[in-house]
Amino acid sequence: MADESSEPVLLQQIDDEGICTLTLNRPKAMNSLDGALVQALGKTFEDLSYDAKVRVIILTGAGERAFCAGADLKERRTMSEVDVRRRIDDYRRVFNKIAGCPKPVICAINGYAFGGGLELALACDLRLMSEQTQIGLTELRLGIIPGAGGTQRLTRLVGPARAKELIFTAARLDAERALSLGVINEAAPADELLDRARQLAEKMLLSAPIALAQAKRAIDTGSEVDLQSGLDIEALAYAVTLPTEDRLEGLAAFKEKRKPDFKGK
């Protein structure tokens, strides 16, 4: 998918180890979310969900200024109210697809992430952030609210009272505060951010793919229900791993004191 400059709006690189790096590629527009980029994200994550070669996904932004500045307000000014409603529905659908991807998704927030940009990051499993930037759900300053999952995903990370404070005041968080609140998992110097994200991804490669997917499902689904229901969900996810070849390989590797060779089977 390409924008008006004919450059792809989303870059994709898959290495030999199975780490896929996706880069939002609208740096002149601070990687803001226009229709083409949202569509590209949805199609790409749908494809990656079924790509057995891909084990972990890293999502970041091109340039040094922004990971994603949110909605493309230049495009938004040309849209009718109905068009805006449809676009927000597209955001929700695509962000849910990212959140539901069976592969771990690491967001490397290399620059500003405001509004929909932070909502995009919140849809990922883990977030690493440059020490030199800021993030925030700033929609109330535009007369709207976070409408692509922000009120829900931020609340689940930091709790209702803190989420209300951050959203009501349109707070812009630096890396230190974002880390202290649990919005991000790690802060790093800008020039080390992608390396840190890759190091985290490489640690995940040591885990069995089916087990990773089931652990993610158990955590995400179980966190929405009462404890007993969550335990039942965990039991079902555990049961999926029992008949796998990878489980037997893990046992054999432990016995033989070697690194397991997981196949995702």
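1. Basis of the note. The model is predicted, so that local features need pLDDT of at least 70 and side-chain atom pairs count only at pLDDT 80 or more, while totals for chains, interfaces and linings use all residues. Residues are numbered from 1 along each chain as its sequence is written, and side-chain values use heavy atoms, with hydrogens and water left out.

2. The sheet. An open sheet is formed by 4 strands in the order E4-E6-E8-E9, with mixed pairing; strands (E, at least two residues) and helices (H or I, at least four) are DSSP runs numbered from the N terminus, and two strands pair if DSSP finds at least two bridges between them. Strand E4 (66–68) and strand E9 (173–174) are the edge strands, each pairing on one side only. Between E4 and strand E6 (residues 112–114) the pairing is parallel, over 2 bridges.

3. Helix H1. The 15 residues of helix H1 (residues 35–49) should span 21 Å at 1.5 Å a residue, and the end C-alpha atoms are 21 Å apart, which agrees; the expected span is 1.5 Å times one less than the number of residues. Of these 15 residues, 11 are buried, where buried means under 20% relative accessible area, exposed over 50% and partly exposed in between (1.4 Å probe, protein chains only). Among the buried residues of H1 are Gly35, Leu37, Leu41, Phe45 and Leu48.

4. The largest pocket. On a 1 Å grid over the protein atoms alone, a pocket is an open set of points with protein on both sides within 12 Å along at least five of seven lines, a cavity is a set where a 1.4 Å probe fits but cannot get out, and lining residues have an atom within 4 Å of a point. The largest pocket holds about 910 Å³ of space, a volume being the space filled by probe spheres set on the points, which are joined across faces, edges and corners. Of its 26 lining residues, the closest to its centre are Ala99, Asp125, Lys216, Ile219 and Asp220. H9 supplies the largest share of this lining, 8 residues.

5. The second largest pocket. Its volume is about 600 Å³, and its lining has 27 residues, of which Ala71, Leu73, Glu139, Leu142 and Ile144 lie nearest its centre. H3 gives the most to this lining, with 6 residues.

6. The cavity. A search of the whole structure finds 1 cavity of 30 Å³ or more, and the largest cavity holds about 40 Å³ of space. Its lining includes Leu118, Gly136, Leu173 and Val183, and divides by class into 7 nonpolar, 1 polar and no charged residues; here Ala, Val, Leu, Ile, Met, Phe, Trp, Tyr, Cys and Pro count as nonpolar, Asp, Glu, Lys and Arg as charged, and the others, Gly among them, as polar.
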